[in-house]
Amino acid sequence: MLKSFKKFLLRFVKSPFGLLTLLFLLTAKGHIEIIDTDYSIRTAKAIIEEGTMLIDPVEQNNKMPTITGTDKIYSQYGIGILVVFVPLVAIAKLLSMGSGADGTMLTHFLLSFYNIPFAILGLWHFRSILVLLNQKKEIATFFMICLAIGTIFWKYVVTDFSEITQIALLLGAIHSYADKNHPKRFLLVSGYLSLLVLLKLVYVIVIPPFVILAIIDGRKNR
């Protein structure tokens, strides 16, 4: 199993995915850029340190529902991104305890890279969709690289916006549906859509089209 992993790792490093990963790692900002992320960071810290999701307001003029008996609030950005943030915040906390480095800086530094694995996953789904649509692999790879470095995709990857994570999950659902030969494709579709809705509730709007497609496919295949 170790040999297989080494082979996979070697192939990945030599592939366009490995080169894109290196590019994203070298150009990541290394710090948090948007205030929305701070809500999720504070919530993750509160879960780890206090076992609660109540946090101090990030902005002084924040108009959030008042909670009786406390000045704290619940983040309005949901809990989906916390699946990613909690382990990274925990790692940053352990590193800061062991090294004496500033915990906040370490947390922000680690979280500035969290989009990169999702970006690679999204690009892989994008390329695979093109191949499933009978595009040649070389051309599909070319278009994937164009998307990765020739569009705003790159800017979002190296910042703390969650759009890249959302794109990866949505492309995963589309790819899973398009792969007609996969025996459990609708299980994968439902998994990706569940994660997408958990991340942002507005994505419930994409569920009905997939349900309709599932019904049509079911009738065709009895």
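Biologist: Why does glutamate 49 count as partly exposed?

Modeller: Glutamate 49 comes out at 48% relative accessibility. Buried means under 20% relative accessible area, exposed over 50%, and partly exposed in between (1.4 Å probe, protein chains only), so glutamate 49 is partly exposed. Bear in mind this is a predicted model: local features need pLDDT of at least 70 and side-chain atom pairs count only at pLDDT 80 or more, while totals for chains, interfaces and linings use all residues. Residues are numbered from 1 along each chain as its sequence is written, and side-chain values use heavy atoms, leaving out hydrogens and water.

Biologist: What makes lysine 93 and glutamate 49 a salt bridge?

Modeller: Their N to O distance is 3.2 Å. The term asks for a side-chain nitrogen of Lys or Arg within 4 Å of a carboxyl oxygen of Asp or Glu, so this pair qualifies. The two are 44 residues apart, with lysine 93 in helix α4 and glutamate 49 in helix α3. Helices here are DSSP runs (H or I, at least four residues) and strands are too (E, at least two), numbered from the N terminus.

Biologist: And why is lysine 72 called partly exposed?

Modeller: Lysine 72 has a relative accessible area of 24%, so it falls in that middle class. Its side chain meets glutamate 50 in a salt bridge at 3.4 Å, N to O.

Biologist: Which residue forms a salt bridge with arginine 185?

Modeller: Aspartate 217, with the closest N and O atoms 2.3 Å apart. Arginine 185 sits in helix α10 and aspartate 217 in helix α11. Both are buried, and shared partners join Lys180, Arg185 and Asp217 into one network.
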